[in-house]
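Visitor: I am new to this structure and would be grateful for a guided introduction to its aromatic rings.

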Amino acid sequence: MSSQISLIANAFSTMKHQQNDYSTEADLDPEERKGSIFYISQAVNDVTQLTDAVLNISEPKPPSPVMEYENETTLSDVIYALVSLMSKNIQWVVPRSMTNAGNSPCYDTEQAKETDSSVVTLDEILETLGEAFNKDKDSILKLKEEAQQRKFAKLRLNLTIGEADIQTQRDTTEPTNSFVRIRKGPKFREEFETPLQRGTRHPRWKYSVETHFTDLSSDIIHLELWHEKEEEKKKKRHFIKGNPPEGPKYILLAELVLKAKDILAQGITGWYDMENRFGENMKAPTRVRLSGHISCTSDVECDALENYEILLKCLLDHERKKSPQERKNGPCSKFDEDLLLGASAKAALRQFALVHNLSPASQCLSWWTNVTILLSPLDWQLLLTQFNCVKSSLVVGAYSLSEQERLSQSVSDVIDRCIASVKYLEECFPPDLPEQSKSQLAFMLQTMKSIQTHPKIRSLLMEDNNFCLHSVIKAALLGFSKQWWNKLQDTSGPQRSESISDQLQSTLVLTDEVINLLQNLREFYDNIFIQEYDICCLKTCYPVIVKELIEAVEPVITESCQLIPKAVEEIDEDGVIVDFLIGSTLMKVYKNLGRIWLLRCPHLSSAIVEETGIQIFSSFFEEGIESQLFLTQDRENRCIDEVIRNDNLKPVGPGVHFSESLKEAKAIPHRFKIWWFELVWPDQEDRAVFLLKVLRSLFFLSISYCQLLSKKIDHILQESGEDSKEIANEKICVVITNMAIVMEDLKDYHNILGYNFLDSETREKHSTEIEAMVSISTLNVQNIMQNFTWKIVNAREEFLEKTLMKLCQEDESLAFLTEVLYPTIDILRKFLDISNTKFLLESLWVKILTIMRGIVDKEGTMEPEFYGSLLRTLKKIFVDLTPDSDEALDAQSADTQEYRNLVEDLTLMEKNSLSLVNLYYKLQFEEETSRADSATASLVIRTWFQETNKLSVLVLMAKDIVVPPEESHKAPLEYYIKVEVLSTENQYTTGEDSCVERGSCYF
């Protein structure tokens, strides 16, 4: 009782949801609403469910006396029909067929084995009827005895011989003169002949005969096809080659035997192959076209169709109540369990219809109407088969007005049940049973299409030309979407009274269920709906379900993202910690929404997709992602700080020159990569924006790592000691190596994060910004490395200066190379690669030049030998630092102006006073010589003092060296030499002019 009350409550709840669903039908296009019976079908379905539930609550009432009387009368008539047709122990053969299950053909026992059919006896049929009508064996035997006392029904055959297709020998093309002889056996007391058709091998008779069957077990119809020969004088050649002229007048060409019980079961309609009786090498068997029907005369006075339907209902109800085990072991074990009726039930129906002269059209209509009402769930394959039979009868006008009205009502009921099945799509056609569900759904849609396209059915439904079941089924799919979502929301939706963790878990369940449904719609249902009815389920249901989903999950996601802390200090140990890392519930919800976005139907317009809100689902998570990014950056920075504190700056292994902390630094971008790749951000532009934010975090962490690493300089110097002669050691090399690797890695961070996977337009738009970020970050790390190197070198500056001063004063400056420089170079080459070795040697070279310049400027009173020793040391250092190898400094870049100036100064300072005077005059001479080299003419003169303050000048010759010799003819014709004496007071004294032939010139 409680379960039935629950059923009523569910029915009312369903009606309430559907009432809301009906209002959404106003959103349909006007064309889709025309002719729609959606509202009526839903109401009928709901009321039917509710009525069944209410009726089932009460205790079952005993059948009324009127019903018992009708059933007993029907049973009596059925047994009478069976006794009339099977009185001589005839075995009725029922084939395995679902085409009109009540009209089963019968064969003899041997043929039944060949056709995979089942043979039933009278006793088996009576046993089945007793079970169906709830009668014991004695009652059945009593009814049988009563039937045997009545006059048996007589069967009459109405047969029409239509035409024939006579096949002759391969070398004969002459026509025939043919007729058919019909004889009824086995004693052949009745005989009929068709008219003779002359001169054709395709005779047409359309000859009808009528005869009675007296013994169904032995009566046969024997058809003989005869040829009548022409007279000899009119025919030069006989029809049959080789037949003697004195032969018989008639030749038997072919014959056919039809058994009475076969005709009774199958009827006679169509072409039949005859057995050839004359000639050899026949092209094919001769065929004859027959048509006819069987009628019956009996003493039964009742409504045959009504009793037939009572019998059909009882048999169907009895079959439905059987358990699977009873179906397997009972009389119907000869059939598969999924067939509608057993062999005995089919035989009873067929014989009852024969005795009462029920037409095949009336039988089909009874089956159609009863199957649509009694079967639950419907077998749509059987329903379609029955509907095709009904359509055929309707086309030929076999139904009366009352039968047409009844057919119309049953078709409306089928449409209602179709709509109800679509509204409960997953329950009626579960994807868990793919083969059965696909076939049943396809047959259902084929039935609806057959109803839609059949003009007679359309007229019966009294619909106009705009009647369209296509719109009705789409509306039913919309109803399915809403009722499915309402049910899911009621059972699994997030509740505001729950904690945020529980709400988030419920949101994950919602998205999982929606994904499963959308996948089923696309992969399972769509193929059938599109193929059979040109309806895309995903396109129809996606907007409704996804819009409801977005409205339900957005508040929960927003609240969850607000709970993600931005730093470790903000985490409340007693509160709820929400994160956006891989494996978290929030991440799973994000990925599910991404899958739902990808599952959208490509045929949906952008406007409809925008209405659902799914295209902006990623914006719900932006605040959470930024918070997670800040939190992750804070966590990684703390992790870096810890690993650097614990780093002993020793290489992690032989041949490897970086320390343990670098392994953690290199793992950071890959952890970010995994998290970022899991996001799979849908929008290209937003993906690029967040990628830049992730890059900034990675660059910040890389720079932070290098800064924290450089701060260990004090600890390194303290360990090496003040008296150490090494400028660099193993730990210093490890620090530089770590920084150099980080600097090289950060150049490829954007590719690690999938920048290359963005579309070309987005990459081009943000390429400049990314290049700037990489350049600035690389420069920052380079500055950190340079500062670290300068700290190392500056820390050893005092030691270097004292060592140089001491060794130069003792004239042992080359010892500086063996004691200080060479050990440092060996360490660098051992623990650093080529580029980092050069980097540190450049810093060392600059520092050495600075120290020596300071010594030269400060120690100006030292002996020349001191400066000579310092000069030799400087030149030796330059040579040792710039050998011809990849690891050395480039000689051209090391030969700086500062180095050359220092060499020049030391070269002067190592000389004594006399040497400096000689050098001065030598330089003056060279300067004058270089000045003379720049003259534009040559002049040879002789000068002497004749007496005090009187200078004599004799011009010997002059040559203009500006004009080339080959162009000497272009020179001026006259020259002259002008001699002037310039006093120390810048006053000019002019002497006599000396003229020279061939022109004049001023010098």
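The questions below concern ring pairs and charges over rings.

Guide: This is a predicted model, in which local features need pLDDT of at least 70, side-chain atom pairs count only at pLDDT 80 or more, and totals for chains, interfaces and linings use all residues. Residues are numbered from 1 along each chain as its sequence is written, and side-chain values use heavy atoms, with hydrogens and water left out.

Visitor: How many aromatic pairs are there?
Guide: Rings of Phe, Tyr and Trp (its six-membered ring) pair if their centres lie within 6.5 Å; planes under 30 degrees apart count as stacked, over 60 as edge-to-face and the rest as tilted. By this rule the count is 13 aromatic pairs.

Visitor: Which kind of pair do Y590 and F621 form, and why?
Guide: The ring centres of Y590 and F621 are 5.1 Å apart. Their planes stand at 85 degrees, so the pair is edge-to-face.

Visitor: Is F621 buried or exposed?
Guide: Buried means under 20% relative accessible area, exposed over 50%, and partly exposed in between (1.4 Å probe, protein chains only). F621 has 0% relative accessibility, so F621 counts as buried.

Visitor: Which kind of pair do W845 and F878 form?
Guide: The centres of the W845 and F878 rings lie 5.8 Å apart. Because their planes are at 50 degrees, the pair is tilted.

Visitor: Over which ring does the charged end of R600 sit?
Guide: A charge sits over a ring if NZ of Lys or CZ of Arg is within 6 Å of the ring centre and within 35 degrees of the ring normal. For R600, the charged end is 3.7 Å from the centre of the ring in question, that of W597.
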